[in-house]
Amino acid sequence: MPQEILERPPGASFFVILSYQEEGILFELKAMAEKRFSKILYESVSLPKWTPDETERVFAYPGRFTKVLSFKQRIHREELVEKKKECLEFQSLLQKKDQSVLLIPGYVTSHNIVIAKSKDDFHRTYLFQGVYCETVYHFSRSQLVVAESAQNYFRERDVSYFFNTLRESYEFNKFKS
């Protein structure tokens with residue numbers, strides 16, 4: 001009888017959703033993020049405005065602009081906790097110039113797209129150190145499917161299109177170094 005084997009999955013494609021008001025913030029974040037994470041591989045066009053969910057409304061006043069930055073270096077899924085902490089550090093620095101700054105890190109794999117949050121909710125899984133993860137999309141029969149519990153933001157056509165493209169790029173480059 002074959003034995004069950006535990007294997008670490010391939011690295012995931014790391015991204016950050018950025019909501020902001022002041023246009024200069026984008027350039028500051030890009031400079032900080034490229035120093036800390038890696039080169040930016042993809043930058044979305046301006047996407048629909050981020051709408052905070054129930055758990056974010058206490059501390060988030062999103063700006064009028066939303067973009068997604070995807071990075072070249074792959075991460076292991078358990079690194080999402082550290083990436084969330086780093087994004088909170090960046091967020092704190094950037095909020096001194098623009099109080100609307102909100103950073104939501106996440107990753108893309110062959111099967112799903114996951115974001116990190118700092119508050120519990122019925123559809124989130126606790127990781128550790130105060131970080132929760134939430135699956136916002138999964139892929140079924142070559143289709144991007146929005147999770148029922150995902151924010152309406154992820155149902156927007158432009159947002160779905162960008163994440164579907166990001167996933168296609170991940171699949172195409174999955175085994176390249």
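Rings of Phe, Tyr and Trp count as a pair if their centres lie within 6.5 Å. Keep that cut-off in mind for the first stop; the model on screen is predicted.

**Stop 1: the aromatic cluster**

Select Phe15, Trp50, Tyr137, Tyr153, Phe154, Phe162 and Phe163, and show their side chains. Ring pairs link these residues into a cluster. Over the whole structure, a search finds 14 aromatic pairs.

Colour strand β1 (residues 12-20) and helix α3 (residues 157-173): Phe15 belongs to the strand and Phe163 to the helix, so the pair ties together parts that are 148 residues apart in sequence.

**Stop 2: helix α3**

Stay on α3 and select its end C-alpha atoms. They are 24 Å apart, which agrees with the 24 Å that the 17 residues should span at 1.5 Å a residue. Next, select the buried residues of the helix: Val159, Ser160, Phe162, Phe163, Leu166, Arg167, Ser169 and Tyr170. In an α-helix there are 3.6 residues a turn, so residues three or four places apart point the same way.

**Stop 3: helix α2**

Select residues 80-94. This is helix α2, with 15 residues; from its first C-alpha to its last it reaches 20 Å, close to the 21 Å expected at 1.5 Å a residue. Which residues of α2 are buried? They are Leu80, Val81, Lys83, Lys84, Glu86, Cys87, Phe90, Gln91 and Leu94.

Pick Lys83 from that list and show Phe14 with it. The charged end of Lys83 sits over the ring of Phe14, at 5.6 Å from the ring centre.

**Stop 4: the second largest pocket**

Colour the lining by class to find 4 nonpolar, 5 polar and 5 charged residues.

**Stop 5**

Go to Arg124, in the loop between β5 (112-117) and β6 (125-128). Arg124 counts as buried, at 7% relative accessibility, because the cut-off for buried is under 20%. For a distance check, select the C-alpha atoms of Arg124 and Pro10: they are separated by 23 Å, and the two residues are 114 apart along the chain.

Most residues other than glycine have a negative phi. Gln129, in the loop between β6 and β7 (131-140), has a positive phi, near 55 degrees. Gln129 counts as exposed, at 52% relative accessibility.

Finish at Ser142, in the loop between β7 and β8 (143-146). Ser142 is not a glycine, yet its phi is positive, about 65 degrees. At 71% relative accessibility, Ser142 counts as exposed.

Definitions and conventions
Residues numbered from 1 in each chain as written. Predicted model: local features only at pLDDT ≥ 70, side-chain atom pairs only at ≥ 80, totals over all residues. Heavy atoms only, no water. Nonpolar A, V, L, I, M, F, W, Y, C, P; charged D, E, K, R; others polar. Phe/Tyr/Trp six-rings, centres within 6.5 Å; stacked < 30°, edge-to-face > 60°. Helix = DSSP H or I, 4+ residues; strand = E, 2+ residues; numbered from the N terminus. Lys NZ or Arg CZ within 6 Å of the ring centre and 35° of its normal. Expected span 1.5 Å × (residues − 1). Buried < 20%, exposed > 50% of the residue type's maximum accessible area, 1.4 Å probe, protein only.
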